[in-house]
Structures are given as C-alpha cells and as structure tokens.
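Here is a short tour of one part of a protein model. Have the structure open as you read, and follow the elements one by one.

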Amino acid sequence: MTKSNIVEYFESVLLSRMRLSSHVVVPNGRKVRSVVAAMAAQHTGCAVVTEGSRLAGIFTERDITNHVVRSPDVWGAPVDNFMTADPMMIGHDASALDALRLMNAHRFRNLPVTGADGDLLGSVNHYDLIRLAAAFLESQSELGPELSPEHNLHFVDLTGLAAHEPLLVTPDHSLAHAIEAMISAQTGLASVVNHRGAVIGELTEHDVFLKVACRVEDLVDETVGDWMTEQIAAAAPGTSISDALGIMAKLGHRYLVLISETKRALGMVTFRDITEYFEIVCAT
C-alpha cells in the first residue's frame, strides 16, 4: 500500500484519536497568582476559564509574559482581565491538519477541543503536533527509490527555510531587559550568549512562566544568568528538516536555534516555519 505524505497523514488523523494535552480549568474571577500556581503545578502552559458551564476564556504563557510577569500589582487581580475571551475552539471530529491550519492562520499555540456534546475534552497544541509529525517521518525512514515529498523533508536541510533573526541577550542583562526584548520582538525565545558570542543558554516564555511569574517582584535586580536554562534547543544549519522535528519532539521545544561550529547563533526556525514548508512541498 502506498504510504501517504505528511499532509495526507495529518488529514487522516482525527483529534478524537489523539492524546490531547491537559490544561487547568478555573472559574472566572480566580486570582492571577492562583491560576499561575495551578498551571505550574500541572506543568501546563494553558488554563481555560469557565463561567458556569461555558468556556469564557483561555490564559496562556504568552499572556503571562506580556501582561503579568512585569506587574506585581496585577497578581491579585481576576484572571478574566488578562485572558483571551471567547476563544476559538475545534471539534473532536476535525483532523490534525484542520487544527494545524487554524493554529497557523491565527498564530495560536493552544486550541481547545470539544466533544460531540460541546464538553471540553482537552487542548491540542504545537507540541502534540510536533510529536505527531516526528513519529510519522520516523516511520518513513525507508522511502524507496521513487521521489516523494518525504524525500524533501528527510534530505533538505534547514538552510532551505527562511530563518528568523535570533534575539540575543547576555547573562548580565537583567530579567527586565530580556523580557521587554522578547515582548518587543514578539518571540518566546532569547538566546543567551557569552562575551565571545557563543550561545550558552536560553530564556523562554516557559522559563518566565514556570520560574519567574508571580514569584519575582523586581525584575531589574535579577540577571538572566541566574534564571536561564543551560540546555539549548539547537541544530546545525545542515540538519535535515526531518531530524529537526525529531529534536523538537525529544526536547519538547517548538523552535530550534541554528548554531555555527563556534556555537554562534545564526538564526531560529519554528515549528510553524516547518509546517508551512511541508504544505508547500506536498502541494507540488
């Protein structure tokens, strides 16, 4: 039987067959500090806010970075003030491809999934889709002699993608500086470099949410070096797109920093960049 390409595979996988990500469910009016603590305890970057039986909003790591972490005065305010109200949802009978296209079109990273009766079943996020893509491509490691879209994903490297300019900070920069820079650049990643320009760590929205938000009141007095993650989600530009997805799945990251042999940051690619590429490849 002929194996489908990755787009056809995503189209064949229904959300009802996927293991959806968990999220925190909180009632409207819950204090921001309490919601952030609950999210951290469950190791999830997403909370859904309910009003009675209705889904009233969604509150994510991005909201925490943009609106909460810099302002201790709002930590006791209702989460309703900072959530995305009346979020878009998707039914469980939709496909992984439907979810991916909807998320890419609206730049979502979390999408609530509802059942036939309208009940909330969970959320699909980029990490779920990264694991799905990586597992499919691993199963396609023996492609045979004929050319196929999967050849491009296995043998075309990351230089075939348009990389983003990396955001660079130093260990001596304050958390306030790094977080302001991330918000200004609209990115969830800052690469931490030493005095030679070599990447030695990273600070992400997940770090900000998990370790800093509603804990550190004075971001100016804290340095990046004390809060960064030393593990780096990185790859050489010559890494194949398929292998890049494997690295993302293994590390649980939605991006990769492209680094040179001297560990300098050359650019950054995201899961969204890769999925936009494989849709183009599979359409030709």
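The buried residues of H8 are covered by, among others, helix H2 (32-41), helix H3 (61-68), helix H7 (175-185) and strand S10 (199-204). Helices here are DSSP runs of H or I with at least four residues, strands are runs of E with at least two, and both are numbered from the N terminus. Which residues of helix H8 (residues 205-212) are buried? They are Glu-205, Asp-207, Val-208, Phe-209 and Val-212. Buried stands for under 20% relative accessible area, with exposed over 50% and partly exposed in between, using a 1.4 Å probe and protein chains only.

Both ends of H8 are worth a look. At its start, a side-chain oxygen of Thr-204 comes to within 3.2 Å of the backbone nitrogen of His-206. After H8 comes Cys-214, with a positive phi near 60 degrees.

## A note on the model

This is a predicted model, in which local features need pLDDT of at least 70 and side-chain atom pairs count only at pLDDT 80 or more, while totals for chains, interfaces and linings use all residues. Residues are numbered from 1 along each chain as its sequence is written, and side-chain values use heavy atoms, leaving out hydrogens and water.

## The three-stranded sheet

S10 also belongs to an open sheet of 3 strands, ordered S8-S9-S10 with mixed pairing. Its edge strands, strand S8 (168-169) and S10, each pair on one side only. Two strands count as paired if DSSP finds at least two bridges between them. H7 packs on this sheet and touches S8, S9 and S10, its direction making about 70 degrees with that of S10. S8 and S9 are parallel, joined over 2 bridges, and Leu-168 has Ser-191 in S9 as its bridge partner.

Strand S9 (residues 189-193) pairs with S10 in the antiparallel sense over 5 bridges, and Val-192 lies opposite Gly-201 in S10. The two strands form a hairpin with 5 residues between them, and Gly-197 in the turn has a positive phi of about 90 degrees. Because 5 of the 6 residues of S10 are buried, the strand is largely enclosed by the rest of the structure.

## Helices H5 and H9

Elsewhere, helix H5 (residues 126-139) packs against helix H9 (residues 241-251) at an angle of about 135 degrees, with the axes 9 Å apart. The contact (heavy atoms within 4.5 Å) involves Ile-130, Arg-131, Ala-133, Ala-134 and Leu-137 of H5, together with Ser-242, Leu-245, Gly-246, Met-248 and Ala-249 of H9.

Key:
Polar contact = N/O pair within 3.5 Å; in protein donor to acceptor, adjacent residues only side chain to side chain. Axes fitted to C-alpha atoms, helices over the stretch in contact; angles between N-to-C directions.
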